[in-house]
Amino acid sequence: MAEKKARVIAFTNWKGGVGKTTTCVNLSAFLAEAGLRVLIVDLDPQGNASLGLGVTPRKHKTIYNLLCEDCEISEVVQLTAMKGLEIIPADVDLAGAEEELVRMPGRERILKNIIDKIAHNYDYVCIDCPPSLGLLPVNALTAADALIIPIQCEFYAMEGIAQLMYTIKLIKKHLNPNLSIDGVLLTMENRGNLTEQVAAEILKYFGKIVFKTRIPRNIRLAEAPSHGKPINLYDRRCSGAVAYLSLAKELLQRYKSLK
Ligand code: ATP
Ligand code: MG
């Protein structure tokens, strides 16, 4: 029997501040809480996922060492406060990786080669992408089986989406034909007319891959990272935690129905 391999999900949107990291960290935490083995790969030089999970920068080897130097994966993977949730951290060093990767043979597949070596140890590998174009996100899209696209419920929500879809098309054509979109998530929702208008526009564009679960704007989600904890360990009763739990259930249900 073929060895069971993790589903590799990249959280992506070229736009900054739309909830990629918040979704990657908290969805991963609820998947781990459900008994699944989850690895987050922080692929953003801002290192927000690492900081948000209490991994102190500058103390550990990071994804940069794995991508650009010779280094054992076991030296880089860190445990978190959440049982079952591990992370390969990032820090500002990663900003230099783009330039170094350009010179490497097979430069688009370096991350894929790393993840392929450890995917059998996990049920999910969740990649937190930076808000940019370039070789790092191209590596993420090449390594991933699927994408989750968080979109902030605001007036310019769809800005950049056409460009993202075009990039996905190119990646599928040249590097990763099986790449799919596992879901589109509305984040930072406020009650009101504008949200409904934006939601309707997103639904019209993406159809049924839009998750029924929406993430409300909730200050507790913004506070949790400064305590180095995912939301289920920080305040599991807040509306943000309830929403991310619901998202984890919806995603698992989606996978079950596909089997
Ligand atoms: P970047 O593109 O810079 O990596 P991002 O897409 O990863 O950003 P986040 O860092 O998750 O976005 O979120 C941006 C900011 O909004 C953060 O300060 C985060 O704490 C806050 N935030 C995210 N989701 C919510 C929410 N549902 N309610 C309130 N604040 C939120
Ligand atoms: Mg981020």
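**Salt bridges in the predicted model**

The structure holds 14 salt bridges, a salt bridge being a side-chain nitrogen of Lys or Arg within 4 Å of a carboxyl oxygen of Asp or Glu. This is a predicted model, in which local features need pLDDT of at least 70 and side-chain atom pairs count only at pLDDT 80 or more, whereas totals for chains, interfaces and linings use all residues. Residues are numbered from 1 along each chain as its sequence is written, chains are lettered from A and ligands numbered from 1 in the order in which they are written, and side-chain values use heavy atoms, with hydrogens and water left out.

One of these pairs is formed by Asp182 and Arg7, whose closest N and O atoms are 2.8 Å apart. The pair links distant parts of the chain, since Asp182 lies in strand S7 (residues 180-189) and Arg7 in strand S1 (residues 7-11), 175 residues apart; helices (H or I, at least four residues) and strands (E, at least two) are DSSP runs, numbered from the N terminus. Asp182 has a relative accessible area of 8% and is therefore buried, while Arg7, at 26%, counts as partly exposed, where buried means under 20% relative accessible area, exposed over 50%, and partly exposed in between (1.4 Å probe, protein chains only).

A second pair to consider is Glu75 with Lys61, whose side chains meet in a salt bridge at 2.9 Å, N to O. This pair also links distant parts of the chain, 14 residues apart: Glu75 is in the loop between helix H3 (63-68) and strand S3 (78-79), and Lys61 is in the loop between helix H2 (48-52) and H3. Glu75 is partly exposed, with a relative accessible area of 39%, and Lys61 is partly exposed at 35%.

Arg220 has a relative accessible area of 28% and is partly exposed, and Glu223, at 24% relative accessibility, counts as partly exposed. Beyond such pairs, Lys15, Glu154 and Glu159 are joined into one network by salt bridges that share partners.
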